[in-house]
Amino acid sequence: MEENKIPKAKRPRVAVRQQEPQIRVNNFNEVPFGYNEEEAVAEAERCIQCKNPTCILGCPVNINIKEFIRRIAVRDFKGAIDTIKNDNSLPAVCGRVCPQEEQCESTCVMLKTKNPINIGSLERFAADWEAANLKQEATVITKRLGRDGKLIKIAVAGAGPAGLTLAGDLVKMGYSPVVFEAMHIAGGVLVYGIPEFRLPKAIVQREVDYLQKIGVEFQLNVVIGKSYTIDDLKKQGFKAVFIGVGAGTPMFLGIPGENLKGVYSANEYLTRINAMKGYLFPEYDTPVRVGKKVAVVGAGNVAMDSARWSKRLPGVEESHIIYRRSDAEMPARKEEIERAHEEGVIFNLLTNPVEVLGDENGWVKGIKCIKMELGEPDSSGRRKPIPVPGSEFVIELDTIIPALGTKANKLLTSDVPGLKLTKWGNIEVDPETGATSIPGVYAGGDITTGSATVIAAMGAGRKSAKAIAKYLEELES
Ligand code: FAD
Ligand code: SF4
């Protein structure tokens with residue numbers, strides 16, 4: 001082909017086909033279609049197979065990126081997915097939601113030409129190819145028995161990416177993990193936070209089903225700290241405990257009127273829509289009352305997800321983002337911000353809410369804001385927003401969604417004697433093992449770091465699985 005005569009370094013990225021904005025705002029389906037075989041091979045052929053592949057160092061779990069891309073280029077798709085799975089057990093998830101532009105792709109040498117290899121889409125391709133072409137083999141794993149002749153059980157609190165990764169690794173080593181999940185569904189933020197149009201739920205469910213097939217037990221609707229304490233779990237015979245309960249307590253604006261009807265935390269809003277299918281009310285039980293105009297306060301991934309979901313809900317005419325800094329400081333992934341713009345989300349930048357306004361029945365009718373300007377950088381390194389005196393104005397609204405970040409939920413942590421916490425209320429751990437201040441109790445993911453990334457939570461789960469295996473070997477020897 002003519003295209004192949006162009007030197008690799010000069011070939012442009014193979015574009016990812018996606019749903020057109022005017023079509024996708026009317027459905028809930030995934031936005032990008034992903035590469036087909038020809039596109040994936042063409043993109044993989046652009047990789048120059050560096051002697052020192054810096055991309056691998058940029059990946060938090062050090063996937064052998066160079067090798068899996070080489071396999072795709074020679075059409076060995078099975079070899080590609082096997083290579084990825086040596087280091088990452090959820091590639092279909094990570095290929096879709098990892099911030100590759102800040103990780104592997106930011107260290108790819110091709111960035112010099114402004115055309116880094118599209119590593120995320122290649123990872124997604126390999127995972128989707130496997131799902132479409134290979135039967136999921138559920139090998140029977142011989143269970144280890146303890147000195148008492150019983151299964152060696154490990155309690156895992158939370159079925160998010162940290163807990164799922166840990167449980168998968170431990171079951172493959174012959175241990176018997178039992179995952180206790182507070183919700184009626186496993187997957188954590190992957191199912192109740194990240195929207196269907198970014199990460200289809202069926203992909204997460206497939207991974208959960210696989211874990212079940214290979215011997216991970218799930219107990220749903222069980223809240224550790226309330227249904228059972230950590231002590232109860234030990235008394236029930238669990239030899240070790242892993243806490244992967246995430247950081248699910250929302251932060252609020254702290255302004256007058258925030259308790260009016262029509263203000264939802266982003267957590268509640270996304271959970272009602274994603275996990276309880278609120279967008280299909282009354283077919284499903286959970287209503288989400290949004291009205292015609294919605295505003296999301298904040299500009300991270302959670303804010304973009306909430307604003308883009310709002311655009312898709314029946315009856316919504318305007319979906320706003322309100323953010324006190326400028327577009328340069330928005331923390332969300334660039335591609336999600338671009339998609340929000342394409343879908344018609346209205347960005348009110350350098351704008352800060354000062355009061356939520358209500359009607360005589362206690363429902364939200366608007367938000368009073370003040371314009372901001374940027375001053376010197378603050379402790380976060382970003383320029384500090386300063387109010388412009390006398391610039392207050394009102395945006396008329398039906399619904400307001402603060403998406404300002406989350407912190408640790410105290411339900412479990414406040415009732416475990418001897419469990420050391422950081423000053424932010426996260427569990428203090430050895431970063432190499434996840435060991436807490438209590439022997440046999442480990443923790444990882446957002447509950448130890450605060451809200452971070454899927455891959456970081458998975459990496460923590462993997463480290464703790466190794467450490468727990470070592471601990472149990474010593475305990476049972
Ligand atoms: P979680 O995923 O929060 O899972 C914790 C689980 O524990 C939950 O299922 C919860 O119900 C359960 N639980 C809580 N308390 C208890 C208890 N007491 N007993 C039993 N179970 C309990 N990261 C990215 O990398 N890319 C993205 O694009 C991205 N987008 C995001 C969008 C949204 C809307 C949100 C909210 C987060 C996003 N993140 C993203 C962050 C990422 O999802 C999290 O960092 C990651 O899920 C943390 O994993 P975890 O396993 O620590 O916790
Ligand atoms: Fe390929 Fe970029 Fe990695 Fe080099 S750094 S091996 S070009 S993906």
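This is a predicted model: local features need pLDDT of at least 70, side-chain atom pairs count only at pLDDT 80 or more; totals for chains, interfaces and linings use all residues.
The centres of domain 1 and domain 3, taken over C-alpha atoms, are 32 Å apart.

First, the layout. The domain assignment of the protein has domain 1 at 3–133 and domain 3 at 252–404. Domain 2 is written in two pieces, 153–248 and 407–476.

How many residues of domain 1 are in contact with domain 3? There are 14, and they touch 10 residues of domain 3. Between them the two domains bury about 1,000 Å², with 47% of that on carbon and sulfur atoms. Which residues in domain 1 lose the most area to domain 3? They are Arg-24, Val-25 and Phe-28, which together account for 52% of what the domain 1 side buries.

Arg-24 comes up again when we turn to charges. Its side chain forms a salt bridge with the side chain of Glu-342, at 2.7 Å from N to O. The count of salt bridges between domain 1 and domain 3 is 3. For polar contacts, the count is 9 residue pairs, with both residues at pLDDT 80 or more.

Now the helices on the domain 1 side. α1, at 21–24, and α6, at 91–97, each supply at least two of the residues that touch domain 3. Sorted by class, the domain 1 side of this contact has 8 nonpolar residues, 3 polar and 3 charged.

Technical notes: Residues are numbered from 1 along each chain as its sequence is written. Chains are lettered from A and ligands numbered from 1 in the order in which they are written. Side-chain values use heavy atoms; hydrogens and water are left out. Domain bounds come from an automatic or database domain assignment. Contact means heavy atoms within 4.5 Å. Buried area is the accessible area (1.4 Å probe) that two parts lose on being put together, summed over both. A salt bridge is a side-chain nitrogen of Lys or Arg within 4 Å of a carboxyl oxygen of Asp or Glu. A polar contact is a pair of N or O atoms within 3.5 Å; within protein, one must be able to donate a hydrogen and the other to accept it, and residues adjacent in sequence count only if both atoms are side-chain atoms. Helices (H or I, at least four residues) and strands (E, at least two) are DSSP runs, numbered from the N terminus. Ala, Val, Leu, Ile, Met, Phe, Trp, Tyr, Cys and Pro count as nonpolar, Asp, Glu, Lys and Arg as charged, and the others, Gly among them, as polar.
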